[in-house]
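Have the sequence and the 3D view open as you read.

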Amino acid sequence: MRIPFSYSLRNLWARRLTTALTAAGLALVVFVFATVLMLEQGLRSTLVATGAYDNVLVIRRSAGTEVQSAIDRTQAGVVESQPEVSLGLDGQPLVSKEVLVLISLPKRDSGSPSNVVIRGATERGLVLRPQVQITQGRIWRPGSSEIVVGRSIADRFEGVAIGQQLRFGMRDWTVVGIFDAGKSGFDSEIWGDADQMMQAFRRVNFSSMVMRLNDPTAFDALKARLEADPRLTVEAKREKVFYEEQSEALARFIRYLGITLSIIFSVGAIIGAMITMYASVAARTGEIGTLRALGFQRGSILAAFLTEALLLGAVGGGVGVAMASSMQLITVSTVNWQSFSELAFSFDLTPKIIASAMAFAIGMGLLGGVLPAAQAARMKIVDSLRAA
Amino acid sequence: MFLKFILRNALRHRLRTSLTALGIFVAILAFGLLSTVIEAWFSGVNTASSSRIITRSSVSLVFPLPATYREKLRQVEGVTGVAGVNWFGGVYQETKNFFPQFAVDPEDYFPLYPEYLIPEADYKEFLRDRKGAIVGRKLADTYGWRVGDVVPLKGMIYPGNWEFVVRAIYEGRDSKVDTSQFFFHWDYLNERVKILMPRRANYYGLYVLGIADPDRAAETGRVIDAQFRNSLAETLTETERAFQLSFVSMVETLVVAIRVVSYLVIFIIMAVMANTMAMSARERLSEYATLKALGFKPFSVGGLIVGESMAIALIGGALGVIATFPVAEMFRRLVGSLFPVFEVSQATVMLQFVCAAVVGIVAAVIPSVRAARVQIAAGLRAVA
């Protein structure tokens, strides 16, 4: 015969302070656990959204990042004349040859400088990245010292409002627009005219090339040909894969740190749950004896106390996930080590994260409840009745 | 008498007390480790010398400064030494084997860093060999390098395969000195760059300057920056400390997150501890009433609970502090060269004890107030 579910539920309610304290401990652990997963997820989705599957990014072999890369004009010419490259409406290949540099700008909240990517792009670059939309002002005029800034940059850095001027490369650059890149990495960049940028920075080489494939499956053939060509020292990657790789080190660091912390913290919370459940068992010794005398089996007692522990875990998990979901409103930005530049991203709550956070919480409750429940189930009827 | 009472009380529920102490132990240990991680992050800042300033491109670190600046910098008043430095960014065998590598002016660089102790004879060997390298003790131990070994690096910024010969191993003057760095001749880099990528030759990433009077660092910096204003490569000169701090502030968010989390763990354990004390106090309500009936003041009754809570917290905390040292050592071995300096500081230990004491006191507040206020008649009637 089973002990009714409401018995476990009411027991938790009967000792509200203890339940609340234990659940609070569990909730904090779940909060940390979920937050870390959300942060990692947010970082990944930001960088994954940056690339498109049928775009190919070409950089110098073993450069690793766009900023470190250099492609001279001869090589660029060879690359853009490949047959896999899609043609635009004007019959010209859909290729954007871009130049990237980093400049340091003061952050608005702390005033401390951080590295920001300046991308010298072309109009085709905008065609290749349809997620980039001008939301305020206008696009730069080709051949002018005008720049547009990404949404995250506009939000968190000084001196980048429309009409203001930035000084770098011995020139003053006027901000003429703000663009929204749909929460991708481009939101943390400043864009301008590629030719003007190259002049200002005295560069003769492009940093990277982006091009659209006319057939998304043709990538492998193109990559093999480009990398085997003796005239070229380049490597080709799908744009999406490239940006995913850019986030790898930071994402891995966040995940390892977060999981280590969660495990250490969970020890504390499990102990909390264990203390609560032991006390709960000890306080109800007489009650357990009565239940046994009434004919409830050991298994039923075990199940009832385990249910109580699971409920405790579930309450903690629910509160923790609810707290974590409020973190979605916050955007964080930090320097991505691989690209050495500032990147803004937000906490991203997915159903998978909710599920694993709840599983984690219930698991903690279960671990904390298993020993006390076993102790309750093992009690002898006579002894426990006498103890009361 | 009072103390004995507290200890006896604490030992009444051995299981509960030891579980709670274990919880405190874990929390204080975690707190200590996290504080140490943060300190390790700031280690470069704390060891920065006030007699060195750094001149770099005002736009950002990726823009180099011409090699011709070296002589101009040397002529600035108050500057005692100038050494150019380039970040090499090579990979040893695998990408995960990260350690900082710098191409430096060998005769000028090391005199600026008296905290690097290099055997005189080895240093001369290093100067003689253009492919020579000086590596830190910790780095050498990590990869098992000895003087005379050849170290191949794959260039990420300067493409190609580069070979270096370890000519000397430097020790730190004290344990705070970063001995995980790799230095080699700037000339070796530059000569090859001249052939392979002539446009990138004759540049330095930054200059390290020794100054005679640390109090005039800001003034010297202004003089230098004024000299190069409106040139192709404008400079930004700051103290070594400010320079190091700019790196830390880049990952500010992460540091803040770790700090928040380290206090969060204390909060979690506070909830656990408060729970334990609340349960104990509730069970003993009738005892407290008895004590009061015997004439003990409410203050003493409350003190019993605070004392018990403090005793458990401090015992758990002390064990946690003791365990921090071996665990930190283990962690240091695991992460390898990620943190150049990883040491549990005195401040961390103090903070750990303070946290344990605060947990002990805060956890006892509500139960002790409740016990102190208990009415004798009601308390005697109450059954746990």
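A salt bridge here is a side-chain nitrogen of Lys or Arg within 4 Å of a carboxyl oxygen of Asp or Glu. Keep in mind that this is a predicted model. By that rule, there are 40 salt bridges over all chains.

**Salt bridges**

| Salt bridge | Closest N and O atoms |
|---|---|
| A:Glu239 with A:Arg129 | 3.1 Å |
| A:Glu40 with A:Arg44 | 3.2 Å |
| B:Arg167 with B:Asp129 | 2.9 Å |

Start with A:Glu239 and A:Arg129, whose closest N and O atoms are 3.1 Å apart. A:Glu239 sits in helix H8 (residues 239-246) of chain A, while A:Arg129 is in the loop between helix H4 (123-128) and strand S4 (133-137) of chain A, so this pair ties together parts that are 110 residues apart in sequence. Are these two partners buried or exposed? Both A:Glu239 and A:Arg129 are buried.

A:Glu40 has 8% relative accessibility, so it counts as buried. A:Arg44, at 28%, is partly exposed.

Over in chain B, B:Arg167 forms a salt bridge with B:Asp129. B:Arg167 belongs to strand S9 (residues 160-172) of chain B and B:Asp129 to the loop between helix H6 (120-128) and strand S7 (132-136) of chain B, so the pair ties together parts that are 38 residues apart in sequence. Buried means under 20% relative accessible area. That is why B:Asp129, at 18%, is buried, whereas B:Arg167, at 23% relative accessibility, counts as partly exposed.

Salt bridges can also share partners: A:Glu66, A:Glu98, A:Arg119, A:Arg129, A:Glu189 and A:Glu239 are joined this way into one network.

**Aromatic pairs**

How many aromatic pairs does the structure hold over all chains? The count is 44. One of them is B:Tyr92 with B:Trp145, an edge-to-face pair at 5.1 Å centre to centre, with 85° between the planes. This pair links distant parts of the chain, 53 residues apart: B:Tyr92 is in the loop between strand S4 (90-91) and strand S5 (101-104) of chain B, and B:Trp145 is in the loop between helix H7 (137-143) and strand S8 (150-155) of chain B. Both B:Tyr92 and B:Trp145 are buried.

B:Phe164 and B:Tyr188 also make an edge-to-face pair, 5.4 Å centre to centre with 90° between the planes. Here B:Phe164 in strand S9 of chain B is linked to B:Tyr188 in helix H8 (residues 186-196) of chain B, 24 residues away. B:Phe164 is buried, with a relative accessible area of 0%, and B:Tyr188 is buried at 10%.

Chain B has an aromatic cluster as well, and its members include B:Trp87, B:Phe102, B:Tyr113, B:Tyr170 and B:Phe183.

**Two helices in contact**

Finally, find helix H11 (residues 298-325) and helix H12 (residues 351-378) of chain A, whose axes come within 7 Å and cross at roughly 150°. Because of that angle, H11(A) is roughly antiparallel to H12(A). The crossing of H11(A) and H12(A) is right-handed. The contact of H11(A) with H12(A) has 19 nonpolar, five polar and two charged residues.

Terms used: Residues are numbered from 1 along each chain as its sequence is written. Chains are lettered from A and ligands numbered from 1 in the order in which they are written. This is a predicted model: local features need pLDDT of at least 70, side-chain atom pairs count only at pLDDT 80 or more; totals for chains, interfaces and linings use all residues. Side-chain values use heavy atoms; hydrogens and water are left out. Axes are lines fitted to C-alpha atoms, for helices over the stretch in contact, and angles run from 0 to 180 degrees between N-to-C directions. Helices (H or I, at least four residues) and strands (E, at least two) are DSSP runs, numbered from the N terminus. Angles under 35 degrees count as roughly parallel, over 145 as roughly antiparallel, 65 to 115 as roughly perpendicular and the rest as oblique. A crossing is left-handed if the near helix is turned anticlockwise from the far one by less than a right angle, and right-handed if clockwise. Ala, Val, Leu, Ile, Met, Phe, Trp, Tyr, Cys and Pro count as nonpolar, Asp, Glu, Lys and Arg as charged, and the others, Gly among them, as polar. Buried means under 20% relative accessible area, exposed over 50%, partly exposed in between (1.4 Å probe, protein chains only). Rings of Phe, Tyr and Trp (its six-membered ring) pair if their centres lie within 6.5 Å; planes under 30 degrees apart count as stacked, over 60 as edge-to-face and the rest as tilted.
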